[in-house]
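Morning, everyone. Please bring the model up on your screens, and we'll walk through a few contacts.

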Amino acid sequence: MPNRFANLSAALCGSLLVITMSVSIANPPNDSAAIEHRVTALLAEMTLAEKIGQMNQVNADDRDLSDDLRQAIESGRVGSVLNQVDVDAVNELQRIAVQESRLGIPLLVGRDVIHGFKTVMPIPLGQAAAWNADIVREGARVAAREAATAGVNWTFAPMIDISRDPRWGRIAESLGEDPFLASKLAVAMVEGFQGENLAETGTIAATAKHFAGYGASESGRDYATVNIPENELRNVYFPPFKAAVDAGVVSLMAAFSDLDGVPATGNQFLFRTVLRDEWGFNGFVVSDWDSVRQLAIHGLTENDKDSVYEAVTAGVDMEMAGRSYVNNLETLVEEGRIDVAMIDAMVANILRAKFQLGLFDNPFTDPAALPPIASAHALETARQAALQSVVLLKNDRGVLPLSAEKLNSVAVIGPLADAPYEQLGTWIFDGDRELSITPMHAIHSLVGHDVDVRYLRAMDNSRSRASEGFDEAAEMARDSDAVLLFLGEESILSGEAHSRADINLPGDQAELVRRVREAGKPVVAVIQAGRPLTLTNIIDQVDAVLFAWHPGTMGGPAIADLLFGLESPSGKLPVTFPRMVGQIPIYYSQKKTGKPPSPDTVVLIDDIDAHAPQLSTGMTAYHLDAGYTPLFVFGHGLSYAEFRYQKIRTSAREIELGDTVTISAELTNTGDVAADEVAQLYIRDLVGNVTRPVKELKGFRRIRVEPGQTVSVEFELHTDDLAFYGRNMQLMTEPGEFHAWIGGSSETELRTEFRIIDSD
Ligand code: NOJ
């Protein structure tokens, strides 16, 4: 089989360095009919208790393996462990499972490998900002190989909950607000983790999580209630999961949240009706941590036994870190409430994955058979991912890039300039902070010979309210030719159960900005954060903003290269940045409403005449104090090059249902540096059986464009690509008029039209 990543260096168009590819590893056979045969044969030998054991996942984070755990595995009561990453301990657990249990069934070994293992890639939201499936795929591939050295064979990623609420801490872990972008990147991550053949050394099973709707928790509070109408579930929240299933993802995880009154862990509609019956999924479903027992806490059930009944009936094949299945399922079968045939089908889903992973043939891990941790390739992938994920939000008077030749001195100020752990972001259980290269160190190595680089932390951490360091910061700014302010959020402010109601820069950072600004020198803010922030209160005080998310191990070198123009920023926002929290949810693909706002209809609060009558202002869908536009739109991201889009056209004004249309435009780099641009295609279906968004992303492409060069950007759209779920929850493409736009953000106005007709 050819190595699917062999062309990566070509695909990473615009990369500064060519990535050398690692060798492809031989494929053991992975024949699905043979696997089904083995699953059936094994099931026939299993007792009910052994079957239930396979449905039980146990936390095994202690390096010293307890006697209880050893005994539970030996007696066939455990199908999977999570959180053990000591390879000798994992091998010992596998040895007990295959040599000492009656049937010798190996274990699934799970771990949250979310954006890297030891080598950390940017947080997933940052990776999404690269708009590059190839780099996302390779990042997952690197993570899989490193995790596999520890005996991990299953990751709980990708997290593909559509997230339109930056208060929610887990937006950091997501791929942003848009179903199309998230779907493409979800597939890339699944491919990266799982490779072509799961039985190869260095591939691990992936988990699409959390099914479904978790990202829409009320007010962005983690674990809070979710209410999403079915039509919106199908059109917005399900597509990344469907894409992951079609890409062969091995498992799905149930969301913690209550969805329309039925918590996901007990939700038959999600796991039986949609996942199994409609999508034909043949992998397995895992609960979230103890979420079966939580069904009673939600108030759906009275006790653990009923919770197990609901979860099993809903189709949750394996319980994570709870004992409810092992304690109650046998009784439920004996009582006749659960049929053993249902258990058999669920256990088959789990065994199938174990066969696909080749665990029955080779359950043990030899780290020497895998590339070393933090290999040159891993570090270069992390650097490329960081480089492509940073978004230049603002660049007044071309203050960036800085010139090492022209500057005598630069002040590097702020709590996140030299914070090796913080730049890794959330979910880095195994991330190695010793590998981190911070921006401060990278700037020193890049320009330290030519430029006097001064450093002041100024604040102990991003939340600090102590301003003792601000006088010194102001003085340093006065004495330097330019100021680089490293602001943002530490990693603990985002991630699971780390939601915020106020998403301004925390602590007294805005005051630090104000004090530094007074020095009158060019000020560049480099912001590292796990979510979009409301930057309204500082945006006019700085000349440029590079938004770096939490950029991972190689964040420092990537940021330094961008600041000093070795490469142009090319990231684009995968999520809208609100002006203020009260605008949330604000996202580009909103519905039009019956009273759409426009510049002519908006009167803001400060402009309302004294004694103006009630109906003289407003009357369209906007906020009196915020208008209707965000601070930065979805898809936004500036470059050191200048890009001009023109001459949009369609291959046909009319197409038949079932046909394809090509939308193209010319993209010219009118600037004087070569740079990557992410060209984006949006459409609008003007009239629908249900109302359709004002714009929907339908294509994107990262392209290297040389100064003066014009390239043709082409997107093919099949009419199936324009399908949506209508009133009857059926997927449909309707004949009618469409608008299409191409450009560098969702704000593009370069538009053409086409019509779908149905002559039959
Ligand atoms: C809870 C989180 O919601 C889930 O995403 C994660 O995979 C599990 N814990 C395991 O750590």
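Is F256 buried or exposed? F256 counts as buried, at 9% relative accessibility. Buried means under 20% relative accessible area, exposed over 50%, partly exposed in between, with a 1.4 Å probe and protein chains only. Y223 is partly exposed, at 37%.

A word on the source. This is a predicted model, where local features need pLDDT of at least 70, side-chain atom pairs count only at pLDDT 80 or more, and totals for chains, interfaces and linings use all residues. Numbering starts from 1 along each chain as its sequence is written, and side-chain values use heavy atoms, without hydrogens and water.

Now the rings. The whole structure holds 23 aromatic pairs. Rings of Phe, Tyr and Trp (its six-membered ring) pair if their centres lie within 6.5 Å; planes under 30 degrees apart are stacked, over 60 edge-to-face, the rest tilted. Y223 and F256 make an edge-to-face pair, 5.2 Å centre to centre, with 90° between the planes. They sit 33 residues apart in the chain. W131, F180, Y588, F634, Y682 and F700 form one aromatic cluster.

Next, charges over rings. The cut-off is NZ of Lys or CZ of Arg within 6 Å of the ring centre and within 35 degrees of the ring normal. K209 lies over W427, 5.4 Å from the ring centre. R337 puts its charged end over Y309, 4.6 Å from the centre.

Technical notes. Helix = DSSP H or I, 4+ residues; strand = E, 2+ residues; numbered from the N terminus.
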